[in-house]
Amino acid sequence: PAAGGPLEIVTPACGRLYEPGNATAAAAALEEVLNDPDAPAAARERAATFDAQASARAFAAVVDATSVA
C-alpha cells in the first residue's frame with residue numbers, strides 16, 4: 001500500500017503502490033508487476049541497496065568523515 005515505509009522503498013521499476021484498503025487496486029498492482037518481465041531483477045537490485053552490512057559500512061564512513069580528531 002502507498003503508506004508508511006513502502007513509500008520510501010518501492011520504486012515504479014520494482015513494484016507498485018496502491019491505496020491502502022483498496023483490494024481492487026492491490027490486485028491490479030500485483031497483476032501489473034507479475035506481468036512485468038523486468039520487475040524481478042529490479043526488485044533484487046532494489047533489495048540489495050538495503051543490505052545491512054553495506055549500510056553499516058556507509059554509516060561508519062559518514063561517522064569517520066565527520067569525526068573531530
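Begin with the order of elements: coloured from the N terminus on, the protein runs α-α-α-α. The model is a predicted one. It holds 4 helices and 0 strands. The radius of gyration is 17 Å, well over the 11 Å that the globule rule gives for 69 residues, so the protein is more spread out than a compact globule.

**The whole chain**

Next, show the surface. The accessible surface comes to about 5,200 Å², and carbon and sulfur atoms contribute 63% of that area. Colouring by burial marks 10% of the 69 residues as buried. If contacts with a separation of 6 or more are drawn, 30% of them join residues 24 or more positions apart.

**Charged side chains**

Select the charged side chains. There are 4 positive and 9 negative ones, and the centres of the two sets lie 6 Å apart. Side chains of opposite charge can pair when their charged atoms come close. How many salt bridges does the structure hold? The structure holds 2.

Select arginine 16 and glutamate 32 for one of them. These residues form a salt bridge whose closest N and O atoms are 2.8 Å apart. Glutamate 32 belongs to helix H2 (residues 23-34), whereas arginine 16 sits in the loop between helix H1 (6-9) and H2, so the pair ties together parts that are 16 residues apart in sequence. Glutamate 32 is partly exposed, at 46% relative accessibility. Arginine 16 also counts as partly exposed, its relative accessible area being 22%.

Is aspartate 36 buried or exposed? Aspartate 36 counts as buried, with a relative accessibility of 18%, because the limit for that class is under 20%.

Now show the three residues together. Arg16, Glu32 and Asp36 are linked in a network of salt bridges.

**Tyrosine 18**

Which residues does tyrosine 18 contact, leaving aside its neighbours within four places in sequence? The contacts of tyrosine 18 are with Pro1, Ala2, Ala25, Ala26 and Ala29. Then select leucine 30 and draw a distance between C-alpha atoms: tyrosine 18 and leucine 30 are 12 residues apart along the chain, and their C-alpha atoms are separated by 9.8 Å.

**Alanine 54**

The last stop is alanine 54. Where does alanine 54 lie? Alanine 54 is part of helix H4, which covers residues 52-66. Its relative accessible area is 31%, and alanine 54 is therefore partly exposed. Alanine 54 and arginine 44 are 10 residues apart along the chain, with a C-alpha separation of 15 Å.

Note on methods:
Residues numbered from 1 in each chain as written. Predicted model: local features only at pLDDT ≥ 70, side-chain atom pairs only at ≥ 80, totals over all residues. Heavy atoms only, no water. Helix = DSSP H or I, 4+ residues; strand = E, 2+ residues; numbered from the N terminus. Rg over C-alpha atoms; globule rule 2.2 N^0.38 Å. Buried < 20%, exposed > 50% of the residue type's maximum accessible area, 1.4 Å probe, protein only. Contact = heavy atoms within 4.5 Å. Areas by Shrake-Rupley, 256 points an atom, 1.4 Å probe, with all protein chains shown as cover. Lys, Arg positive; Asp, Glu negative; His and termini not counted. Charge placed at Lys NZ, Arg CZ, Asp CG, Glu CD. Salt bridge = Lys/Arg side-chain N within 4 Å of Asp/Glu carboxyl O.
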